[in-house]
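Please read the points alongside the model.

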Amino acid sequence: MGVRGLQGFVGSTCPHVCTVVNFRELSEHHRSTYPGCTPTIVVDAMCCLRYWYTPESWICGGQWREYFSALRDFVQTFTDVGIKLVFFFDGMVEKGKRDEWVKRRLKNNREISRIFQHIKSHREQPSRNMFFIPSGLAIFTRFALKTLGQETLCSLQEADYEVASYGRQHNCLGILGEDTDYLIYDTCPYFSISELCLESLNTVMLCREKLCESLGLQVSDLPLLACLLGNDVVPEGMFESFRYKCLSFYTSVKGNFDKKGSVILAVSDHISKVLHLYQGEKKLEEMLPLGPNKALFYKGVASYLLPGQKSPWLSQKPKGVIMEKQAIAINSEVSLYTDSDSKPEAPMCTDSDSKQEDHMHTDPDSKQEVLMRTNPDSKQDVPLYTHSEIKHKLSVGADPELNPEAPMYIYPESKEEDLMNAEAEIKQELTMVSNPEILKVARMHHVHAESYLVYNIMSSGEIECSNTLEDELDQALPSQAFIYRPVRQRVYSLLLGDSKDGASTDPVVKEWFVYPGNPLKHPDLVRPLPMTVPGGTPSLEVLWLNLEPAAQSQRLDTLLACFNLSSSREELQTVESPLRALCCLLIYLFVQVDTLCLEDLHAFIAQALCLQGKSTAQLANLQLDYISPRAVQLGSLFIRGLTTLVLVNSACGFPWTMSEFMPWNVFDGKLFHLKYLQSEKGYAVEVLLEQNRSWLTRFQNLKAVVCKACGRENRRIVGKSPWTSHHTGRWGRQGSSSHRTSPTYSHSRQGHPWRDQGSRQYEYDHWRRY
């Protein structure tokens, strides 16, 4: 992440670039300098997840109550000193950074393999140096922050660009994150999250001006330096020989010098003494060995230019490819101002006051009320806007191509056909759906972090899911990527239309999902799966824009149809919130996976009931006799199911409140693990429920709902039987075992390898249970 070698260089060779600062003092100085303006810090949330996740246990699926409490304390600490926080999350992976994304996911796979080896050898959680963030942490952090009343935004590209743009445009106090790219952007000050002491509010500020002084460069030279060193756009190996030549010359002049930081000093010296000498007289490709990588290099340099900025290294007459990042950033910036008729001038100070009505929602632990911004006419956690409100909001965030004043930034020396290809690519993305107004509604919910993956599916037809704690050697439990794929396929049908007998014009979604055996060389090409909704599948206009009471019933019907649970609607309606979402997920899981047994069901239900009566401190103090690798997988599998529920709920127009899917309301990793171990040992239900008689009736009712629904699908949930190492269950392990190709019902089946699919286009018949 960021510029290769820059973090270590700053720490070892240029420590004066790092200055200890205090946010309380900075806030007071900001208020005195800009009276009436609220000091604002823009937070790169993806960089902060490891810092925020402070619970000791991380292996069991997540300590979500503890995590929510840690987030609440973080937010409150800044609120107490008058600092407003604005959080940005990555909304999608840019195509140019896909290779880097894949490289990190494959590295994570190796780390997960070592984690499971440790669990099997020692029956305990590995030490913190093997820490792996719980599945779904980024997704649920968005909703946790919104529950805490925080402004939370989701980017239309990787977040660092939008963070830097927002910080500069709104005259923010600074950026809080952990990415050396923030030293390269010409934006507001950059503060380190890893160095933050929350009690004192001290941290380290990394000063790009001091860095430039040390290197003999100007701030406008930093993008050029970053690309020559290597970053997420320009591969590190592209200029390896060039850097070696710079280093050889530099060390010959300087004599015996510390080579660890010399590369950066050598390249900087070449920029300041050689490239500057011919700047304006020669083009970059005449001074640097760009070769066939010229376009990529220019793209890398231009990727650091924020709206309104220019680079002296890109001063030639523009001939080519549109600089999409700036157009996207301008468009997304405009869309943030949904309460005014025009975009404010930059730079500016944002005020913490909002014209939205403030409502109170309860905290999951202490039952204290916390601020949540909602639409006053809706009972949803996520605001649903009327048709007229949406039209007004969308008119503010118009496309940049419709705005004659929106600047266009172009790479130099690119061919005319490149421009045509770029425009065709943009048009192709927009044709995933035929209704541009619906796409804009999806975009608005995406930007305001109110939905999950819906806009990605509709705009580009490409989604991804990072690593999950799954044991590649376990044949009995399939990967979550395949268990929940039929649900996603029905969502694709809802958002994009049905597949028509495999026609070449059918919509296809590219899935970059990490699972054992997947080398991630190409995405899985997945077609929509037709679904049956009572009364017919409603249009997205009905699901998203219709405020009639009948539409709410259609939303719920559609959600249940996505999980193939329409026949269980009546039973699920008798279950109170938030346990009905739990039942929905458990029914689906137990129908899909034969190797789940009655003891697993008891553990899931018992932990959900016991969770309601426990405080954060009680959950933190739970002790486990040992760690079971199977329970670790089940915990992660359940959390991925909750993220799937968030996707379906978003696509169906929010028939249920998002709070029903939030893990701090229905799941605790250690508590589930404890109930799993007890259930595996054959403990009575009364023991699982901690001798609480009031929970026993609820337990039996929930169990009856799940078992009855599974019975309709010819799935009888039975007690544990001794699974053998070769048992694959109803689902085979992808990439290492088999899958079903026959539509008939069987408990054990051999088929073709998961990845041996020829065109890799997955049809729905392969994913049906029977």
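This is a predicted model: local features need pLDDT of at least 70, side-chain atom pairs count only at pLDDT 80 or more; totals for chains, interfaces and linings use all residues.

1. A residue is buried when its relative accessible area is under 20%, exposed when over 50%, and partly exposed in between.

2. Aromatic pairs. The structure holds 29 aromatic pairs. One of them joins Tyr53 and Tyr67. Tyr53 sits in the loop between α3 (45–52) and α4 (64–80), while Tyr67 belongs to helix α4. The two are 14 residues apart, and the pair links distant parts of the chain. Tyr53 and Tyr67 are both buried.

3. The phenylalanine pair. How are the rings of Phe239 and Phe297 arranged? They are edge-to-face, 5.3 Å centre to centre, with 70° between the planes. Phe239 lies in the loop between α10 (222–229) and α11 (240–254). Phe297 is in helix α14 (residues 294–302), 58 residues away in the chain.

4. An aromatic cluster. Ring pairs also join a group of residues: Phe23, Tyr51, Trp52, Phe74, Phe78, Phe87 and Phe191 form a cluster. With Trp544, Phe78 touches the most other members of the largest nonpolar core, which has 159 residues. Another core lies apart from that one and has 62 residues, including Val86, Cys212, Leu222 and Tyr304.

5. Charges over rings. Two cases are worth a look. The charged end of Arg123 is placed over the ring of Tyr626, 4.0 Å from the ring centre. Lys282 lies over the face of Tyr278, and here the distance to the ring centre is 4.4 Å.

6. Salt bridges. The count is 26. Take Lys97 and Glu158, whose closest N and O atoms are 3.8 Å apart. Lys97 is in the loop between β3 (84–89) and α5 (98–122). Glu158 is in the loop between β4 (151–154) and α7 (159–169), 61 residues from Lys97 in the chain. Why does Lys97 count as buried? Its relative accessible area is 5%, and the limit is under 20%. Glu158 passes too, because its relative accessible area is 15%.

7. Two further bridges across the chain. Arg98 and Glu462 meet in a salt bridge at 3.7 Å, N to O. Arg98 is in helix α5 and Glu462 in strand β12 (residues 462–465), 364 residues apart. Both residues are buried. Asp524 and Arg485 form another bridge, at 3.0 Å, N to O. Asp524 is in strand β14 (residues 524–526), and Arg485 is in helix α21 (residues 485–496). They are 39 residues apart. Asp524 and Arg485 are buried as well.

8. A network. Salt bridges also link Arg4, Glu100, Lys103, Arg104 and Asp232 into a network.

9. Cysteines. How many disulfides does the whole structure hold? The search finds zero. A disulfide is a covalent bond between the sulfur atoms of two cysteines. Take Cys710. The closest cysteine sulfur, in Cys707, is 6.6 Å from its own, so the two are too far apart for a bond. The cut-off is 2.5 Å. Cys710 counts as buried, because its relative accessibility is 0%. Cys197 has a relative accessible area of 31%, so it is partly exposed.

10. Helix α25. Is this helix mostly covered or exposed? It is mostly covered, with 13 of its 14 residues buried. Its length also checks out. At 1.5 Å a residue, α25 (residues 579–592) should span 20 Å, and its end C-alpha atoms are 20 Å apart, so the two agree.

11. A loop residue. Thr54 is in the loop between α3 and α4, which also holds Tyr53. Tyr53 is buried, but Thr54 is exposed, because its relative accessibility is 54%. Thr54 and Leu71 are 17 residues apart in sequence. In space they are 9.6 Å apart, C-alpha to C-alpha.

Conventions: Residues are numbered from 1 along each chain as its sequence is written. Side-chain values use heavy atoms; hydrogens and water are left out. Rings of Phe, Tyr and Trp (its six-membered ring) pair if their centres lie within 6.5 Å; planes under 30 degrees apart count as stacked, over 60 as edge-to-face and the rest as tilted. Helices (H or I, at least four residues) and strands (E, at least two) are DSSP runs, numbered from the N terminus. Buried means under 20% relative accessible area, exposed over 50%, partly exposed in between (1.4 Å probe, protein chains only). A charge sits over a ring if NZ of Lys or CZ of Arg is within 6 Å of the ring centre and within 35 degrees of the ring normal. The expected span of a helix is 1.5 Å times one less than its number of residues. A nonpolar core is a set of buried Ala, Val, Leu, Ile, Met, Phe, Trp, Tyr and Cys residues joined through side-chain atoms within 4.5 Å. A salt bridge is a side-chain nitrogen of Lys or Arg within 4 Å of a carboxyl oxygen of Asp or Glu.
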